[in-house]
Amino acid sequence: MTLQDKVQRSRLYDTAGLDLAPKSLTQVKKTENSSEGLNVFLSLAEPEDLVPRAQGDLTGVMVAVKDNICTEKLPTTCGSLVLKGYQSPYEATAIRKLREAGAVIIGKTNLDEFGMGSSTENSAFGPTLNPIDQSFVPGGSSGGSAAAVAAGYTRMALGSDTGGSVRQPAAFCGVVGIKPTYGRVSRYGLVAFASSLDQIGTIGATVLDASLLLEVISGHDIRDTTSVERLVPSYRDAATQSIEGMVVGIPSEYFPDELDPSIRAILDEACERLVDAGARVQPISLPHTEFAIPCYYILATAEASSNLARYDGVRFGTRMPSDGLDQMYELTRHHFGSEVQRRIILGTYVLSAGYYDAYYAKAQKARARISQDFKTAFQEVDIIFTPTSPTPAFALGERISDPLAMYLSDVFTVPANLAGIPGISVPIGMVGGLPLGGQFLGPWWGESELIAAAGALEASYGDNT
Amino acid sequence: MNWEAVIGVEVHLRLKTEHKLFCRDRAVFGAAPNTHICPVCIGLPGALPVLNAHAVELALQTALAFGCRINLDSTWARKSYFYPDLPKGYQITQFEKPIATDGRVIFSSSEDKGLVGIRRVHIEEDAGKLLHDKALGASAIDFNRAGTALVEIVTEPDLRTPEDVRSFLGELKQTVEYIGASDCNMEEGNLRVDANVSVRPVGSLELGNKTEIKNVNSFSGIEKALSLEIRRQLSLMKEGGLVNQKTLLWDDHRSELREMRSKEESNDYRYFPEPDLHPLVLSQGQVTAALDSLPELPRDRRYRFKKTYELKDYDADVLTQTATTADYFEDLVGINVDPKVAAKWVTGPLQALMNQHREDAQSIPVRPEIMGELIRLVERGVVSESAAKTVMVILAEDGGSPSDIIEARGLAQERDLGQLTDWVTEVLAKYPEEVSRYRDGELKILGYLVGQVMNSSGGAADPKIVRNLLIDYLNDS
Amino acid sequence: MSITPEDIQRIAQLARLHFEKSEIERLTLDLNTILGHVDSLRDLEADQGSEVLLEQRSETEFVNPEQVGHPDKLLAIPENFAPEWLEGFFLAPLPPGVKPSGDK
């Protein structure tokens, strides 16, 4: 199928969507409840909720939504026992935009608890399995959303990306994932993990799906001070734009010697295809890349330790009976999983008296350097191409007992969150039967360029995806 | 050896904004519990703060009124701790770079003038309210107050006596009321004061260990609490003991200070910059505009009243107690009422009327133009002062014009000599004993007789003429 | 810098988290491993350039709050999501040092 065919198929949503939705829901329920079940959904809609209440770009299109985004009808658990059964009394701006575009929410997808993890194994409700090979992880933290698309349950899903949580699972599952520029999409209603890094991202079966969804949810929101007032271009049209003359930077730091030869071969092929499509590749350097992981794990955990203080059992959510206030706090917060507790401890530590300068203040400096690296690079090149992850999906249980190894797998995705620049992951091949993702990073507000490059690559592979 | 007390004060004011600091809930006092809450101010998952710029304006004006230096770039910070009235588990406040620093307040002290340095002024959100008399063995929490805008003013430890603290707070409260930044009502919780106090030998430049006094809800309370604590510290130090740093809670019912049970050894608030908000950036133009929009401040207005209108200190103080009263007075002067006469009427009868109606000078129905008319009628002798007060009461309740009321109610002062003579003759006939007493030398009894004539006339007689008539008649035989 | 079990205990108290002794040991190990990695930031040269990213320094707009079409009333009454509720109030256990009702 050519990209044109896919575009055509997308346009059929308007008429076909209405019929397909309820049938799809029944099918999804059946599959998930069988031995083929992947534990993708934490909650599913009722058939009567699948009727679109408005007409727009996504009339009748079913969208899966990560369970850390507040919806009015379905619960928002964030994959945590602390919010088990929690019904948000308001909905996220992104969800409102979806509904106003005529979309319907098929269900809330599984995730690493509060977005903390890279495999969806940190969910309190069990891991999600990778649809391509069920003994492997789908990636995280938006593993459920990526699996929903890869399994064919929906064409589009919303996720969130703080350190790679949309791009990496998209890569692991062989679908497309976009993290927008920080401030592109409103965070109002996205349950905060790390406020200066979080963004709602989109996952799609094709570049066009992910781009169209992004276009719908983008835009300034008065309820989110960090969202930016800036025109939303036609991202869907960008998917078929020519990349003739585009200069693509290849950063040496993202292609270490340890990179598996078969992976390197696939990446090289992708570069050739870009050149065939009219682009030019150029080596560049992003010298402060080595500080990205330490910097991220200081800033993200610091902000997270603060953002998760509100889960105290007082106003909403789980509360444990107790003999006194402090005991109630501790018993209630004991419901956090071990990864979340680990990060809260780390974050509290780096902010505590005497350690702020050594860790937090230092990390802020590192962040400024990393951002400067990109600024400098984008004076020479239009976009940057890298692997999304050092490896394809790993096996279930393989890294769960080694937090540091788990953290290090974020090395290629984390810098974009630190700098606030947009990134997209697109499938570029298979390694050992598992999908491999290639990542494009763009300058601030350069989503269109990323989408064009990803679209060109996707087209060049034809229907291999 | 002589000792002195060293006192610094922390004042929290609730800003008079319509909405809360970071969301659009209305900031109301006295509403049913938890009826003015939203996802933002009760810290629901996914909610985000959005700055109410009006609060910034009021805080800016307050800081400028205290002569502070404004930081054009100030930052927001998260202050973390766990408490049931703190929804997010952190308070959004200003830490490293507050909106203003280095100000000063001049106040009238027992020894003429006092000066207090203002160390910093910053903006922060308030917490909810914990109540312990609603449910047995539990805290009841009302979040209506959570998220309302506060300004915190921290002074240098420049105060030396409890009386000075009280005077300073009075000046501060008055200034803020003049600006309209806060209602400054301690009973309504719009103004909270904490004090830090230590003692040291006079002449020493070192600071002794200080104790913190909290939970005071009146100016007299703070004065009493400080006096008590200073006495305690002095006797301790004089015996060669040491003051331990601690927090004391004032119990107003028992007039005593109680040590607060230390919750945590050290409160590690883990301040860091608030990532959900932009730094607060002001332009020089905005600061200048705020400065220009400041009204004349109490101290300056008092001084001007004394000089320009040649008023006594007491009158100037009373007239400038509130900006609205001072405005009213100046409106009267503006329509050519003599300042001293205006002062008399405003501080006397008008104030009484305002008290009775629980209105201030801005809302009292008797407006300056009408009041001016009435005063002129009194000056011309058309109506007596006491009758004029009656007219004022009627004006406040029913409105209308003074002349109409005087005519309708027959309150015009009677000056017809014939009529007056009749009344006088009547009274003289009725009270022969008092007449004899006067003629025997008891001159003071004249007042009683004047009073009786006034009664007979229903208050309408011109008392001056009555008095002279009586004297003539009494001396005449 | 290395972190001790006492540090973990103290931090856990600040964060209102409770751990068993074995968990504290595990955490100490994990955190030291992570901090060891994170210490590489020390190689970063001190100084030059401001730490915080301030993209544009645009002045805070003094807008009339009425113009700002802001938030959301709650779509559900608080009673529906409050863990404990009594006659209009959220209920919570008494803080330490506060005597039960009747004696303030």
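Good morning. I begin with chain C, which has 104 residues, 21% of them counted as buried. Please bear in mind throughout that this is a predicted model. Chain C holds 3 helices and 2 strands, and along its sequence they follow the pattern α-α-α-β-β.

Let me turn to the contact that chain C makes with chain A. It draws 45 residues from chain A and 42 residues from chain C. On the chain A side, the elements giving two or more residues are helices H9 (292-307), H10 (325-333), H11 (338-351), H12 (357-377) and H13 (403-408). Of these, H12(A) gives the most, with 9 residues. Sorted by class, this side of chain A has 24 nonpolar, 11 polar and 10 charged residues.

Next, the nonpolar cores. The largest has 242 residues, and the members touching the most others are A:Val63, A:Ile345, A:Ala453 and B:Ala59. H9(A) gives the most to this core, with 10 residues. If we set aside sequence neighbours within four places, A:Val63 is in contact with A:Leu98, A:Ala103, A:Ile105, A:Ile106, A:Thr154, A:Met156, A:Ala157 and A:Leu158. Another core, of 44 residues, lies apart from the largest one and includes B:Ala326, B:Ala343, B:Met354 and B:Val450.

Finally, chain B. Its assignment gives domain 1 at 3-286, domain 2 at 296-404 and domain 3 at 417-475. How far apart do the C-alpha centres of domain 1 of chain B and domain 3 of chain B lie? The separation between those two centres is 63 Å. Thank you for your attention.

Note on methods. Residues numbered from 1 in each chain as written. Chains lettered and ligands numbered in written order. Predicted model: local features only at pLDDT ≥ 70, side-chain atom pairs only at ≥ 80, totals over all residues. Domains from an automatic or database assignment. Contact = placed C-beta atoms within 7 Å. Helix = DSSP H or I, 4+ residues; strand = E, 2+ residues; numbered from the N terminus. Nonpolar A, V, L, I, M, F, W, Y, C, P; charged D, E, K, R; others polar. Buried ≥ 20, exposed ≤ 12 C-beta atoms within 10 Å, placed from the backbone. Core = buried A, V, L, I, M, F, W, Y, C linked by C-beta atoms within 7 Å.
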